[in-house]
Protein chains: 2
Amino acid sequence: MSQPSFACCTPLTGTSMTPEQAEQVVPLLKALADPVRLRLVSLIASSPTGEACVCDLNEAFDQTQATISHHLKVLHSAGVLDRDKRGVWVYYAVKPEALSSVANLFSIAALAGVSA
Amino acid sequence: MSQPSFACCTPLTGTSMTPEQAEQVVPLLKALADPVRLRLVSLIASSPTGEACVCDLNEAFDQTQATISHHLKVLHSAGVLDRDKRGVWVYYAVKPEALSSVANLFSIAALAGVSA
DNA sequence: CGTTTACATCGACGTCCGTCGATGTCTGAC
DNA sequence: GTCAGACATCGACGGACGTCGATGTAAACG
């Protein structure tokens with residue numbers, strides 16, 4: 001060890017996320033980390049009724065109906081959107097808890113160890 | 001058109017994210033949507049000094065030094081981490097603005113149209 | 001000088017992911 | 001029952017991503 005004798009390192013003793021905690025949150029982040037899905041969530045959230053039917057969403061994007069349906073499924077599976085079929089149409093609504101949990105996660109205090 | 005005559009659709013007139021806005025935020029979300037990178041940010045943020053050198057971070061993970069270095073680069077490129085080389089060691093520190101911008105993005109009001 | 005240590009970069013590999021066309025399923029109208 | 005429309009699912013393709021071993025670079029010590 002020819003390196004300086006004083007430590008390069010701070011102990012990192014502060015409590016941080018466990019691998020398990022990280023694995024639990026990441027799917028939610030992954031679901032939101034796509035431009036089309038982020039716009040989908042934004043569109044639905046900005047709708048006056050708080051929900052939107054797929055027929056609307058399809059027209060707002062250049063992507064195929066299959067692609068939009070796929071993205072909606074991803075967001076639904078991740079717990080970001082609620083799904084409600086009424087007759088022929090399917091309405092998706094944003095689950096505020098999902099979004100606020102992400103917001104809480106990235107408040108500095110939360111990241112520094114306070115559990116989300 | 002054999003469907004009901006009343007509209008299935010709410011106009012979605014509320015202002016939502018533009019494609020450009022989405023494309024701008026997504027890299028930041030992508031950078032955080034990985035379990036290793038999320039733990040890296042958490043470790044650095046929970047350090048008492050607010051920063052950590054790579055030698056510490058390497059020991060905290062099962063991944064190779066090359067992999068950790070890669071993840072740190074991704075986080076740095078996305079604006080999540082600051083990089084400071086002091087002698088032989090490199091110290092990374094969390095940029096609070098980056099994290100709080102994500103937190104702001106996912107407050108309900110922000111997503112509904114109020115710019116972040 | 002040469003050696004060692006800390007970290008970055010490179011190239012390659014396997015896997016995951018976004019997108020598409022095609023097809024399936026269900027619902028309501030006629 | 002038949003048909004059309006709304007949405008989901010399937011299978012395939014191409015590109016992006018995480019990981020690794022090997023190598024490069026730079027700083028400090030002798």
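Trainee: Which residue stands opposite B:E51 in β3(B)?

Mentor: B:A93 does. Before we go on, residues are numbered from 1 along each chain as its sequence is written, and chains are lettered from A and ligands numbered from 1 in the order in which they are written. This is a predicted model, where local features need pLDDT of at least 70, side-chain atom pairs count only at pLDDT 80 or more, totals for chains, interfaces and linings use all residues, and side-chain values use heavy atoms, with hydrogens and water left out.

Trainee: What makes β1(B) and β3(B) a pair?

Mentor: Two strands pair if DSSP finds at least two bridges between them. β1(B) and β3(B) have 3 bridges, in the antiparallel sense, so they pass that rule. As for the names, helices (H or I, at least four residues) and strands (E, at least two) are DSSP runs, numbered from the N terminus.

Trainee: How many bridges join β2(B) to β3(B)?

Mentor: There are 6, and the two strands run antiparallel. Along that pairing, B:L81 stands opposite B:V94. The hairpin of β2(B) and β3(B) has 2 residues between the strands, and B:G87 takes a positive phi near 65° there.

Trainee: Why are β1 and β2 of chain B placed at the edges?

Mentor: The open sheet has 3 strands in the order β1-β3-β2, with antiparallel pairing. β1 and β2 (81–86) each have a single partner strand, so one side of each is left without a neighbour in the sheet. From one strand to the next, the twist averages 25°.

Trainee: What lies across the strands of that sheet?

Mentor: α2(B) does: it lies across β1, β2 and β3 of chain B, at about 90° to β3(B). Angles run from 0 to 180 degrees between N-to-C directions, with axes as lines fitted to C-alpha atoms, for helices over the stretch in contact.

Trainee: What about the sheet in chain A?

Mentor: Chain A has an open sheet of 3 strands in the order β1-β3-β2, paired antiparallel. β2(A) and β3 (residues 89–94) of chain A are joined by 6 bridges, and A:L81 stands opposite A:V94. Helix α2 (residues 35–46) of chain A lies across β1, β2 and β3, running at about 90° to β3(A).

Trainee: Why is the pair of A:R86 and A:E51 called a salt bridge?

Mentor: The rule wants a side-chain nitrogen of Lys or Arg within 4 Å of a carboxyl oxygen of Asp or Glu. In A:R86 and A:E51 the closest N and O atoms are 2.6 Å apart, so the pair qualifies. A:R86 sits in strand β2 and A:E51 in strand β1 of chain A, 35 residues apart. Over all chains, the search finds 4 salt bridges.

Trainee: How many salt bridges cross the interface of chain B and chain A?

Mentor: The rule finds 0 there. What the interface does have is 4 residue pairs in polar contact, both residues at pLDDT 80 or more. A polar contact is a pair of N or O atoms within 3.5 Å; within protein, one must be able to donate a hydrogen and the other to accept it, and residues adjacent in sequence count only if both atoms are side-chain atoms. Elements giving two or more residues to chain B's side include α1 (19–32), α2 (35–46) and α5 (96–105).

Trainee: How many residues does each chain give to the contact?

Mentor: Chain B gives 51 and chain A gives 51, with contact meaning heavy atoms within 4.5 Å. The buried area is about 4,300 Å², 74% of it from carbon and sulfur atoms. That area is the accessible area (1.4 Å probe) that two parts lose on being put together, summed over both.
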